[in-house]
Amino acid sequence: MAQDNSAPAAEPVRDEVLERQVLEAQAMQEECPCIEAAVKNYISLQTAKATTGVGKTAGGVTQDTKSLLGCARLFLKALNALELPSAPEWGHLYPQEAEESGCDFMTRLGRYKVVRVLWQQCARAGQKPAKCLGRSVLEVVLPEVEKRIHQADAQQPAGAGCTDEQLGAFLDGFRETLDRSDGAVAPANSDRELVWCESQAAVIAARQQARVAEAKERVEREVIADDFGDQLRAALAASGEELPKSTVQFEELQD
């Protein structure tokens, strides 16, 4: 009788997947800042824009500190109250996309399993996910958080001190800070670098240093270019050679 060797062969694969998930969970637990801190950074950034008039607030919608705080309270309340469904249920809610390979879908589902375990750990410890978890977790659960907010009582925004339009702009703007489409490292002038950081002051100081260094390099390049031009003119003058004259002729245009 032929022996079934499928089970032993599958064990190393399962062990490898499990080890990868454990490492991913550890990385998520160590992420800084936490979601709540990032929301505070976002409020600070949007308040500065509204106060100084430098840059546009999210969605071009008029916001003030009261409305931003109201939007943040609604967002964090919905997030912390979220009960994540099982992985199979999540797979039905967010199925494989048209251009998503089966392997990518299973990877996404595996990532969700890790997030759900961390989420349940927060609940068992009596901790709020927004205070314990960071950007990678929010990337996974944000669609469900937004869904719950939109399904909530229509009077909630007014009760929190903001309008539906302001809440929508807040969600759109904060979602944009999660975008990694141009790479894992945010460009120097991106808002998300100021949102997902542990210290906005440190980021601003680093930007100022980068601008000073860039200006210094630009001046040095201009000096080098001027020196090269002087040397070239001196060399041509010493050689006694004249530059060839142009043979292009221009005809006078008649009215």
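This is a predicted model: local features need pLDDT of at least 70, side-chain atom pairs count only at pLDDT 80 or more; totals for chains, interfaces and linings use all residues.

Modeller: Residues are numbered from 1 along each chain as its sequence is written, and side-chain values use heavy atoms, with hydrogens and water left out.

Colleague: Why is the sulfur of Cys-122 too far from Cys-132 for a bond?

Modeller: A disulfide is a pair of cysteine sulfur atoms within 2.5 Å. The sulfur of Cys-122 lies 4.2 Å from that of Cys-132, so the distance is too far for a bond. The structure holds 0 disulfides.

Colleague: Why does Cys-122 count as buried?

Modeller: Buried means under 20% relative accessible area, exposed over 50%, and partly exposed in between (1.4 Å probe, protein chains only). Cys-122 has 7% relative accessibility and therefore counts as buried.

Colleague: What makes the pair of Phe-75 and Phe-174 edge-to-face?

Modeller: Rings of Phe, Tyr and Trp (its six-membered ring) pair if their centres lie within 6.5 Å; planes under 30 degrees apart count as stacked, over 60 as edge-to-face and the rest as tilted. The centres of Phe-75 and Phe-174 are 5.5 Å apart and their planes stand at 75 degrees, so the pair is edge-to-face.

Colleague: Why is the pair of Trp-90 and Tyr-112 called stacked?

Modeller: Their ring centres are 4.2 Å apart and the planes of Trp-90 and Tyr-112 meet at 10 degrees, so this pair is stacked.
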